[in-house]
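Hi everyone, thanks for making time today. Let me put the structure up, and then we can walk through a few parts of it together.

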Amino acid sequence: MSSPLWITATPLASDGELHLGHLAGPYVAADVLSRSLRAAGRPVLFTSGTADHAESVELRAVRGGRKPAEVAEGYRAAITADLLRSGVEFDRVVHPGRDRGYRHWLQELFLALYAQDVIVPRTRLAHYCESCRHWLHGAYVTGACGHCGARGEGGPCQECARPTEGELTDPACALCGAPARPRRCRRLYLPLEPMRELLADHWRTAGLPPRLAVLCESLLEDGLPDVPVSHPGDWGVPVPLDGFAGHRVDACFEAAAMHLFGYGHDQRPLPERAVHFCGFGHAFCHVALLPAILVALGLKLPQEFHVNETFHPGAGERREEGGASALWALDLLTEFGSDTLRRHVLTARPPAPGPGTGREELGRTREFLDGTWNSWLSRLFASVREDSAGRVPDAEPGGEGWETLRHRLHRAADDVREAYGPEAFDPRRAVAVLDEVVRCTADFGYVNQFERHRPSGVERHLPALAAQLAVASALASWAWPVMPEGATRLSQALRVPAGGPVIADTLAPLPPGTRLAPPSGPVFGF
């Protein structure tokens, strides 16, 4: 590929700390795809951003008696640090309040779309709070979705992903709880109906999972909406048009446009393909608004989508105000480590609604890592220390059952590589195959450990040690996309590079005589 594969993850609203639900959503999964492609030598650009201008940021500031910029800056720094600590490594994260040229770029895009009549003025009824004397939009208004009935905020519904503009029933002010009143308001909109054929063609050719395909077909059947792209307010990027003083660019539109700034499409050609990771509740921005902007700019970009359902904390887990999870990433990373968290959210990542998860489930994941991966590696390093003076034995990989195991490992490499790839991406499957590799190798080691006690044999147990070290060396590459921290510790112990391609060739034996450097604690997790 001459141009990189572009991977995006939904911009995070800087209105709170990173929690387990974020990691169980798009971020760790997207990082796994990014790491696996890089390891295979494919160029990748992995981008996201922080939605600093989301109404929820301003609302949190108002409730706390602070300035929105202070709230955004503080949580953005915390989110960035927690993502790095969890091993999620972006090539670029757009910071709207800090990135040079961002505001000007967004305003120029807005002007260009307005000049093409893609963005147009409309006078419609909007929600208003008489008590607070405040227009209600986004997080400022609560009510029931007119499409599915779910309770939520303004903007796209988090349950059905449909826009709720003008569709909320029983709307109320999120600040004071007073019923919202309808008032005529002149705003700017992006009508999608004029793009019907172009969007329909895009959705037919995009890699849409069934639930997204149903959403898009339902939008077409019901008539594509006019999407508000501005609102009266004090927080956000000012609308650069006469007659709209005091209006700000809508946060949903900005989140979609932010991806283009993150990629830098005006400095580099668009990629051959983009892969978007998002929760279903945020899908409208990815599947409708971003393609509409691309279509308006005359840009054609094949896109694929990986969508997860909403993560639910386990029973008995503490919730913060509003019902959100209080399973903060920083606390969990400190308590369980990034390997445990990443592995757990990949296996518990909700492709469908399911039971919640919390500390108890994370504890079981750590126990599993200790009882399988770490237990086998601990025995292996102890055997090398006792039987080969801590050095790689001078023996070819072998032992009872080695040829059968080696064939299985070759098939496992193919399975893991397929599960890591964009065409059949399935990190849960990758974790399951890696676990099977460890279990089979641990069984192989147990069976062959008795060779060291055979009276007629001299060092007949050493080929089995060499074989297990070859598997451990391969796992330093194969497990790196899922558990990069532990894979790096393993590679350092074996003195091999981490993050290599997932291929059978990485099963090659280690150089005889190499002195190993096992860590003093567990390899994976802690």
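Let's start with a quick one: in which helix is the place of Y446? Y446 sits in α12, the helix of residues 427-448. Before going on, some housekeeping: this is a predicted model, where local features need pLDDT of at least 70 and side-chain atom pairs count only at pLDDT 80 or more, while totals for chains, interfaces and linings use all residues. Residues are numbered from 1 along each chain as its sequence is written, and side-chain values use heavy atoms, with hydrogens and water left out.

When I say helix or strand, I mean DSSP runs numbered from the N terminus: H or I with at least four residues for helices, E with at least two for strands. Buried means under 20% relative accessible area, exposed means over 50%, and partly exposed is in between, with a 1.4 Å probe and protein chains only.

Back to Y446, then. Y446 counts as exposed because its relative accessibility is 53%. Together with V447 and F450, Y446 forms a nonpolar surface patch with about 330 Å² of accessible area. For patches, residues need over 30% relative accessible area and no salt bridge; like charges are joined within 9 Å, and nonpolar side chains (Val, Leu, Ile, Met, Phe, Trp, Tyr) within 5 Å. A salt bridge here is a side-chain nitrogen of Lys or Arg within 4 Å of a carboxyl oxygen of Asp or Glu. The areas come from Shrake-Rupley with a 1.4 Å probe, and for residues only the protein chains shown count as cover.

Now the whole chain. Its secondary structure comes to 14 helices and 15 strands. The radius of gyration is 26 Å, close to the 24 Å of the globule rule for 526 residues, so the chain is as compact as a globular protein of that length. That radius is taken over C-alpha atoms, and the rule is 2.2 Å times the number of residues to the power 0.38. The C-alpha trace spans about 95 × 45 × 40 Å along its principal axes. Of the 526 residues, 57% are buried.

Next, α5, residues 196-205. Which residues of α5 are buried? They are L199, A200, H202 and W203. Seen down the axis, these buried residues fall within an arc of 160°, so they line one face of α5; the arc is that of the directions from the helix axis to the C-beta atoms. As a reminder, an α-helix has 3.6 residues a turn, so residues three or four places apart point the same way. On the other side of α5, E197, L198, R204 and T205 are exposed. The buried residues pack against α6 (210-222), α8 (283-296) and β15 (303-308), with contact meaning heavy atoms within 4.5 Å.

My last stop is α14, which is mostly covered, with 8 of its 11 residues buried. Among those buried are P484, R489 and L494. The cover includes α1 (20-39), α9 (329-348), α10 and α13 (462-478).

In the segment after α14 (484-494) we find T514. Is T514 buried or exposed? T514 counts as buried, because its relative accessibility is 18%. Setting aside residues up to four places away in sequence, T514 touches G390, R391, V392, L494 and R495.
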